[in-house]
Structure formats: C-alpha cells, structure tokens
Amino acid sequence: MLMIHALTTVAALAAGNPLTGAVAAAATAWGTMALAPATQAATVPAVPRPAAQAGPPKPEDGSAAPDGYAPIPQWLGQTRAPHPAKSAAYEVQTVADGLAGAFCFDFLPDGRIIVGERAGRITIVAKDGTVSAPLDGMPPDLWAHGQGLFEVRPDRAFAANRTIYLTYTVLPDGSNQAALPRSPGVLLVASATLSADDRRLERVKVLLNAEGTGGRLIQAPDGTLLITSTIPSGVGITASEWPQPQQLTSGMGKVLRINADGSIPKDNPFTGRADARPDIYALGVRDVQGVAIHPRSGMLWISEHGPRGGDEINAIAKGKNYGFPVIGYGRDYSGKPINGDKTAQEGMEQPAYFWTPDIAPAGIAFYTGTRFPAWQGDLFVSALAGKSLVRLVLIGDRVVGEERLLTELNARIRGVVQGPDEMLYVLTDGAAGKILRLVPK
Ligand SMILES: [Ca+2]
C-alpha cells in the first residue's frame, strides 16, 4: 500500500540522471551532516525524487486493489497462517479522542501517553484522558505537506534525562515551493528535552539526515537509535525507478543506526568502507511503518508496506539485505511484475511473514504481559487498509497463526503499544483518531 504522500500537481524539479544524482546527494548529505554543527540550521541537500504527476493518478498508473496475484511462500505459514486455536475475549475502552492525523504514540514512565500527529503536533494524554495543548518549540522547519512528523519516542532513561527523539521531514535547501517534485521532504532525526512544565521542547538537536521521505525510530536495548528511511512510494511510482534500497551510498530503503548523540557506533556493519554510509545497519527495505524490539532476542522487528501486495514483517539482523526491489511478494501499482516476480535470492533475507493482497501494516508491538495469557509472546500488527489489529502467533521467528481482532470497529488502525498496565492500546487513524484500550472480558 501507499503512504499518504502529497500528489503535487506541479511540474517536476530536477533534470539529469536521478540515480547518479542520488549517489552524489547521499555522499554530500553524509559529509555535510558529519561536519556541520548539529543545530536546527544544518544543511539539508535535496534528494532526487520522482516527477510529480499532472493531476490525479491515471488508470495506467495502477492501483493498490487486490488483483488475484497470490505468490507462493517459501514455507508453510509464511503467509495466510491458520486461525489460532486459542484466543482471548476483550472489551474496548476509549482512553482519549480528538486526535487528528496521529501517527505514533508511546508511554512516558509515569503512565501518561505522548502522541505525535503528522501535521507536526505533539500532545500528552493525562491518565484521565485529557489531551494537552500541542507542545511549543517544535522544529520550525518541519514540513508537513503530506509528510511531517513520523515518530516521537521517549529515551529509555526519560525519567532521568527527559529526552525524546523525533523523526520528521523538512524541505531541502533551495526548494522552490511553487515547483516541487513529488515527495520532496527529507527525513531528519532529532533529539530534544521536554521542559520541566511539560509544555515545550527545548534543545532540539538534529542528529541525522536519513534522506528518506518518512521513517520510524526506536531505541535498542544498547541505547543506540534504529531509524528506518523509506523510498518514495505510491501509485505512479515504479519499483525500477528506485534501486536505492540496494545502494550503500543512499540512506533510503535502509535501517540506520546511530548513537543517541548522533555519532556512529563503532560496531556498525559498514563502518570503515569508503563506498558505504557508516550509519547503515540493514538494507533492502521499502516503506517501514512499524518498529518493535523483540522482548527476548532484542532484535528489531519491522512492518513494511509493499507496493501492490507484498506487505512484510521482517526480523532485522545486522548487515543483512531484505531484498527490495530485487525480491518480494508484491507487484507494481500498475499490476506489472517486479523483477519477474522473483521472490527469493541467495544473500537476501526472507520476510518472517507477508500479506498479498495488502493489509497496510503500521505500528507493531510484542505482547509480554500477564493480562492476556493466551497472547503472551505474540506480535500485534495494526492494519490500515486491513482495518483490524492482526495477532500473529509466533514460535521462534516463525508465524504459526493469524487472527484479526477489532474488525468490529471498521477503523484504520495506525498503532499498537503495550501499556504499563499490561493492556494493549491502539491508535486509530484519520481526522477523528482515538486511543483505545483492550481489557480482558
Ligand atoms: Ca523484503
């Protein structure tokens, strides 16, 4: 499925070879960020983007609708796993409402919830459900036209340091807003301090230019930050235009890893290589919409949107290649095969699970609590187009069951988080978003 990118109707910007340009831009971006003082005024070079479409998508641009394509999995249970034998009854309670375009939420150590809305607002939900006024002190260059604020995440030691991390898009330097290409925004990662009165962000510091058009962030158990960086995607954009996920000089289509101060961990897999960004942790991803740390292995798991079909769950290992656009289980929006419908190749990782047709998976969470014993160890996947909360029953890294919960809401679900009370919380998408809590019945 596609992200909610702006379909600007104006003419495209850049001329020239987009691939050569991408490599050059990547090198420039990295060099600049490494040398520049880490302030809000850091230089943001333009990254080549696909040409804008004149008007709405045309029929030949395709759609994301199911078309009967049903690729064969590598093993039984890699897709369409059977309904699990055991489940749990739940009731749904409303925790907060009145959220608009909320994209992410997480718990602060005192049990309050911090919420990020795409337009560039951060609010805090009190335990009684009251939603605060948006925080002041947001990055002034946050550009929200179709992109915007993607992640708001407290540091693991937030109670002591009041640090939060953000991912958001800005317009690159020199952008002419009257002649923008499609999806021109560039993903930045920043840290900030929440003021003592909880009303504003202070000391906003840009840590990284990730180059992508969107992305998620989560802090690993070792304190490093894992950031996902997407390629532009959406109807009218073909996979063959976007080889960057396989290019080590580009930040796009990657999982990136930095220290909490923006420096590069010495044990990153490509450090010391002249032909690679040193912040790359894994490659070959497309459009990551959910991140979670596995409670036992400490590994990053992600949800990822394919184009038309080929949504994936991946367990991310250091230095590995997750295949896009060389292998996958989806097709271009036009319905045309990508790389001859190739689904496997030596040296490329298989998804732990995939969906064709799409469910548009978004936020994910492992359930580790005791309130729902039948759900312990399972991975929960919020689904936008799938309008459900998907429960994946795991044995090790293999899925052995799939159940769709919350279908009764008929709502696009953007996120899922386990609360400190060991209940599951979900965030609904759209202009009238809510945070809901699942409690045992
Ligand atoms: Ca893949």
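Where is the place of P357? P357 sits in the loop between β18, residues 353-355, and β19, residues 361-366. Keep that loop in mind. We come back to it.

A word of caution before we go on. What you see above is a predicted model.

Let's start with the whole chain. The protein chain has 441 residues, and 49% of them are buried. Its secondary structure comes to 2 helices and 25 strands. Now the contacts. Residues 24 or more positions apart account for 63% of them.

On to the sheets. Strands of a sheet pair through backbone hydrogen bonds, either parallel or antiparallel. Look for an open sheet of 4 strands, in the order β5-β6-β7-β8. Its pairing is antiparallel. Which are the edge strands? They are β5, residues 149-154, and β8, residues 201-209. Each of these two pairs on one side only. From one strand to the next, the twist averages 25°.

Zoom in on one pair in that sheet. One place to look is L194, which stands opposite L201 in β8.

In soluble globular proteins, nonpolar side chains tend to be buried together. Here the largest nonpolar core has 98 residues. Which of them have the most contacts inside it? L188 and V189 do. The largest share of this core comes from β7, with 7 residues. There is also a second, separate core of 5 residues. Among them are A239, W242, M252 and I338.

Back to L188. What does L188 touch, leaving out residues up to four places away in sequence? The list is Y168, V170, V206, L208, N209 and A210. Two of the names on that list, V206 and L208, fall within β8, residues 201-209.

Next sheet. This is another open sheet of 4 strands, with antiparallel pairing, and the order is β1-β25-β24-β23. The edges are β1 and β23, residues 413-418. Each has a single partner strand, so one side of each is left without a neighbour in the sheet. Ignoring direction, neighbouring strands here are turned by 20° against each other on average. Inside this sheet, strand β24, residues 424-428, runs antiparallel to strand β25, residues 433-440. The two are joined by 4 bridges. Find L424, and you will see L438 of β25 opposite.

Strand β2, residues 102-107, pairs with β3 in the antiparallel sense over 5 bridges. The bridge partner of D106 in β3 is I114. The hairpin of β2 and β3 has 5 residues between the strands, and G111 there takes a positive phi near 95°.

Strand β3, residues 113-117, is joined to β4 by 5 bridges, and the two run antiparallel. V115 stands opposite T123 in β4. How many residues lie between the strands in the hairpin of β3 and β4? There are 3, and G120 takes a positive phi near 110° in this hairpin. Is strand β4 mostly covered or mostly open? Mostly covered: 4 of the 5 residues in β4, residues 121-125, are buried.

Most residues other than glycine have a negative phi, and most peptide bonds are trans.

Take R80. R80 is not a glycine, yet R80 has a positive phi of about 50°. Look for R80 in the loop between α1, residues 18-35, and β1, residues 90-99. R80 is partly exposed, with 14 other C-beta atoms within 10 Å.

D341 is another case. D341 is not a glycine either, and its phi is positive, about 60°. D341 lies in the loop between β17 and β18. Is D341 buried or partly exposed? Partly exposed, because 15 other C-beta atoms lie within 10 Å, and a buried residue would need 20 or more.

Then the peptide bonds. The bond from F324 to P325 is cis, with omega near 0°. P325 is in the loop between β16, residues 311-316, and β17, residues 330-331.

And now our opening residue. T356 and P357 are joined by a cis peptide bond, with omega about 5°. So much for the loop between β18 and β19. Thank you.

Technical notes: Residues numbered from 1 in each chain as written. Predicted model: local features only at pLDDT ≥ 70, side-chain atom pairs only at ≥ 80, totals over all residues. Pairing = 2+ DSSP bridges. Axes fitted to C-alpha atoms, helices over the stretch in contact; angles between N-to-C directions. Core = buried A, V, L, I, M, F, W, Y, C linked by C-beta atoms within 7 Å. Buried ≥ 20, exposed ≤ 12 C-beta atoms within 10 Å, placed from the backbone. Contact = placed C-beta atoms within 7 Å.
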